[in-house]
Amino acid sequence: MSKKTVATRDRETPAQNVPEQGQTSVAVSAGGAAAQNTLRNIRLIIGREYKNRVTQRSFIITSVILLVLVFLAAFIPTIGQLIKAGPTSPTSQTHIVVVNDAGSVAGLTDTQLAATIGTTLNGTTGTQTAGPPAFALSFSPSHALADLQQQVKSGQLDILLVLDRAPNQDMRFTYYTTNSSTNDPNLSTVQALTQELIFLDTAHRLGLTSQETQHLGAAPDLIVVQTQHSQATRSQSESAAGFVLAFAGVILIFISIQIYAGIVATGVAEEKSSRMMELLLNAATPFQLLAGKIVGIGAACLTQMGCLVVVGIGALLLQTPLQSALFGTHAGSFSQYLTGVSIPFYLLFLLYFLLAFFLYAALYAGLASLVKRQEEIQSVIMLPILLLSSGYVLFFFVVATPDATVTKVLSYIPFWTPMLMMMRLALGTVAWWEIVVTIALMLLTILACTWFAARLYRYGVLMYGQRPGLGQLLKLVRMN
Amino acid sequence: MSLTVEHINKSFAQVKAIKDLSMEVQEGTIFGFLGANGAGKTTTMRMILDILRPDSGRVTWNGKDVREVPRRNWGYLPEERGLYPKMRVDEQLLFLARLNGLSKQAAEKELTEWLDRFQISANRKKKIEELSKGNQQKVQFLATILHDPTILIMDEPFSGLDPVNANVLKEAFLEMHRRGKTIIFSTHQLEQAEELCQDIVIINKGQSVVQGSVREVKRQQGRNVARLKLDNDPEASWLDTLAGVQVTRRREDYIEMHIQANLNPNVIVEAALQHGGIISRFELTEPSLTDIFIEQVGAFALPDAPSAELSA
């Protein structure tokens with residue numbers, strides 16, 4: 001049969017039953033009668049899909065494993081901090097003993113020197129937070145050096161700093177520490193201290209007055225003007241939170257859409273290979289089956305995700321009291337990320353996530369209905385996987401420039417909207433109408449994709465033969 | 001009151017699967033749908049159910065296009081069994097019955113009743129994949145009838161069943177018949193069709209070959225079958241030259257032959273006597289459906305090579 005005849009003849013309504021109507025192989029199911037019960041049927045199918053999914057052993061096991069992982073992941077920052085704090089009792093101070101073999105440093109008296117060192121180590125205010133300063137400072141005469149070295153070795157003393165002078169009278173420092181790690185958190189503080197002391201000492205030896213020295217060491221008068229409106233309205237913690245959330249959100253969308261839409265695709269192929277489809281098509285229309293399946297599985301997956309989010313947030317909130325118990329003053333930097341972002345952001349995230357799920361699930365389901373066996377799913381859903389992955393890759397290209405024109409334009413493309421809008425919401429500026437427009441565009445695309453998928457579905461579910469080519473598919477979709 | 005199929009055609013790609021097929025199934029009868037593998041039985045059933053649509057022609061129930069007939073009037077038993085393997089028997093059947101329009105309460109009531117009748121109540125809470133094949137088939141049968149449809153379309157309902165289970169199913173089958181359901185079923189087992197059906201159609205390569213009531217079909221053949229046994233001449237080779245007679249098989253116990261309807265069977269007896277034969281058995285009988293089927297279809301319907309010459 002010629003391709004042309006198919007395209008034209010099949011536009012005729014089936015009711016006319018024109019004898020020479022084209023030879024088509026489109027599978028269609030009862031329209032009128034079954035459609036009356038659309039809502040009832042979709043509800044039944046949703047119920048079955050949901051119950052079937054959440055009672056499946058593999059689903060339950062995966063959920064439990066994920067819950068445990070999420071719960072544990074929330075403790076990572078705290079554990080990291082715990083490790084960073086070292087083996088010493090976390091609330092205790094770091095004891096540092098200074099042995100001064102250098103004589104007078106920068107012309108300061110011993111008391112002045114002790115005050116300068118203490119200020120440099122513990123910050124300008126001395127007690128920047130409640131509680132004792134981080135470093136407990138004491139001086140020792142040089143004859144106790146061997147004894148002190150032994151104390152550092154045995155762990156009784158944290159840090160021993162020895163000051164002396166090189167032959168050219170420049171100051172020299174020797175730093176003894178119990179810390180064996182290469183990233184010694186105290187090292188940078190001590191380095192800053194040594195720089196400060198050398199600066200003061202050299203200035204003194206050059207004959208500068210203390211006022212001149214102060215003048216020389218004054219901080220530069222640098223004013224940072226951020227012209228982007230968004231940055232001005234964002235606090236530092238909000239920006240940090242935005243970055244974390246943009247990455248977490250995009251990765252979450254990418255992975256969970258891949259998995260959840262994949263479950264929908266598997267469900268369709270399962271029904272087809274078990275020939276359940278023939279029974280179902282006698283009772284419901286392809287659209288009802290498709291809609292019920294997507295919403296039912298979607299609801300099951302949302303349940304799983306909801307549990308994960310609740311456990312995750314709960315575990316994160318636990319960190320604040322836990323951290324304050326462990327570190328006293330160093331509390332709650334991570335939970336600030338959470339509260340630093342407003343509720344509308346989370347709601348929008350949920351909305352975009354749902355829209356992305358419906359969009360990709362419809363595509364996955366339609367294409368999966370074309371396969372004979374489940375193993376073939378991967379090859380037919382290549383196209384939506386590519387669309388999804390390209391959005392993921394694009395995110396990394398534009399994440400540095402959330403307000404650039406190219407980012408804006410790309411975020412309007414429905415297949416990428418969820419990921420890129422997430423990022424723009426978290427890091428850039430988004431006008432309210434942009435949200436409305438992108439959601440509207442997505443809804444339209446979802447409608448188009450569902451229509452397309454229902455077409456594929458009604459054709460595909462009964463086609464057990466060879467897979468059609470792309471051209472043939474498009475032709476089929478146009479048929480009535 | 002009948003299901004009428006009028007001049008339907010259906011092609012898949014280059015292959016004409018159904019060619020100008022017409023048939024009529026009276027309400028309340030059991031209709032046998034016979035044909036070799038690949039003859040188009042399943043395709044026709046799908047078109048009756050409006051799962052597929054014919055390229056031309058129409059299928060009507062009481063004058064109404066089948067598309068307009070509410071879905072719950074139809075019960076379909078697909079050829080390749082389809083149920084959710086991991087779903088429980090009761091949940092599965094309730095889901096399908098409710099999808100077909102039954103209320104929850106009505107579905108529960110029907111389910112309990114039928115599980116009892118099929119003696120599988122003990123399996124009510126089991127998953128489908130845990131059942132034996134016979135029990136799976138019973139559940140599949142229940143999935144077809146639970147919503148009390150008017151028309152039952154059953155594709156090979158008896159295939160793969162042991163005699164005991166086949167009998168249970170046959171009883172259920174006849175029960176549905178007593179309840180006034182219209183039943184269309186396809187089968188390879190022609191004795192079954194002969195036993196159960198009022199009307200039959202034999203199709204071959206998408207075309208109707210023979211149809212009508214079983215008796216009519218037999219009469220349509222325009223001939224009868226004779227069986228002859230000669231004690232002293234088991235081969236009776238002279239039969240091959242006798243006009244109007246066609247020997248179909250020579251068995252140890254008798255020779256079977258088709259004789260033309262207008263031929264007086266006495267001719268055979270006379271010829272036998274002329275050849276000095278001692279007749280120990282001579283009987284006239286109707287051809288079985290198997291004979292008719294093989295004659296109409298068998299010669300060229302080799303199951304494995306059916307489609308090469310089917311191209312339109």
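Trainee: Helices α2 (residues 89–99) and α4 (residues 133–145) of chain B: at what angle do they pack?

Mentor: At about 25°, with their axes 9 Å apart. That makes α2(B) roughly parallel to α4(B) (under 35 degrees is roughly parallel, over 145 roughly antiparallel, 65 to 115 roughly perpendicular, and the rest oblique). The axes are lines fitted to C-alpha atoms, for helices over the stretch in contact, and the angles run from 0 to 180 degrees between N-to-C directions. Keep in mind that this is a predicted model, where local features need pLDDT of at least 70 and side-chain atom pairs count only at pLDDT 80 or more, while totals for chains, interfaces and linings use all residues.

Trainee: And what do the labels rest on?

Mentor: Helices (H or I, at least four residues) and strands (E, at least two) are DSSP runs, numbered from the N terminus. Residues are numbered from 1 along each chain as its sequence is written, with chains lettered from A and ligands numbered from 1 in the order in which they are written.

Trainee: Back to that pair. Which residues of α2(B) and α4(B) meet?

Mentor: Val89(B), Leu93(B) and Leu96(B) on the α2(B) side meet Val139(B), Leu142(B) and Ala143(B) on the α4(B) side. Contact here means C-beta atoms, placed from the backbone, within 7 Å. By class, the residues of this contact are 6 nonpolar, no polar and no charged (Ala, Val, Leu, Ile, Met, Phe, Trp, Tyr, Cys and Pro count as nonpolar, Asp, Glu, Lys and Arg as charged, and the others, Gly among them, as polar).

Trainee: How does α2(B) sit against helix α3 (residues 104–117) of chain B?

Mentor: Their axes come within 9 Å and cross at roughly 130°. That makes α2(B) oblique to α3(B). On the α2(B) side the contact is made by Asp90(B), Leu93(B), Leu94(B), Ala97(B) and Arg98(B), and on the α3(B) side by Lys104(B), Ala107(B), Glu108(B), Glu110(B) and Leu111(B).

Trainee: What's the class breakdown of the contact of α2(B) with α3(B)?

Mentor: There are 5 nonpolar, no polar and 5 charged residues.

Trainee: Zooming out: how many helices and strands does chain B have?

Mentor: Chain B comes to 9 helices and 14 strands. Of its 312 residues, 41% count as buried, meaning 20 or more other C-beta atoms within 10 Å of a residue's own; 12 or fewer is exposed, in between is partly exposed, and C-beta atoms are placed from the backbone. Among its contacts with a separation of 6 or more, 71% come from residues 24 or more positions apart.

Trainee: And helix α1 (residues 41–48) of chain B, how many of its residues are buried?

Mentor: 8 of the 8, so α1(B) is largely enclosed by the rest of the structure. The buried residues include Lys41(B) and Arg46(B) along with Met45(B), Met47(B) and Ile48(B). After α1(B) comes Asp50(B), whose phi is positive, near 65°.

Trainee: New topic: which strands of chain B form the open sheet, and in what order?

Mentor: The order is β2-β1-β4-β5 in chain B, with antiparallel pairing; two strands pair if DSSP finds at least two bridges between them. The edge strands are β2 (15–26) and β5 (64–65) of chain B, each pairing on one side only. Strand β1 (residues 2–12) of chain B pairs with β2(B) over 8 bridges, and Ile8(B) stands opposite Leu21(B) there.

Trainee: I clicked on Ala17(B). Where does Ala17(B) lie, and is Ala17(B) buried or exposed?

Mentor: Ala17(B) lies in strand β2 of chain B. Ala17(B) is buried, with 26 other C-beta atoms within 10 Å. Leaving out residues up to four places away in sequence, Ala17(B) touches Lys10(B), Ser11(B), Phe12(B), Gly40(B), Thr43(B) and Gly206(B). One of those, Thr43(B), is among the buried residues of α1(B).

Trainee: Over to chain A: what is the strand order of its open sheet of 4 strands?

Mentor: The order is β2-β1-β3-β4 in chain A, and the pairing is mixed. β2 and β4 (171–177) of chain A are the edge strands. The twist averages 20° from one strand to the next.

Trainee: How does strand β1 (residues 94–100) of chain A pair with strand β2 (residues 135–140) of chain A?

Mentor: In the parallel sense, over 6 bridges, with Ala136(A) as the bridge partner of His95(A). β1(A) also pairs in the parallel sense with strand β3 (residues 159–165) of chain A, over 5 bridges, and Val99(A) has Val162(A) as its partner there.

Trainee: Which strands does helix α7 (residues 145–154) of chain A lie across?

Mentor: Helix α7(A) lies across β1, β2, β3 and β4 of chain A, at about 145° to β3(A). Helix α8 (residues 185–205) of chain A lies across β1, β3 and β4 of chain A, at about 165° to β4(A).

Technical notes. Contact = placed C-beta atoms within 7 Å.
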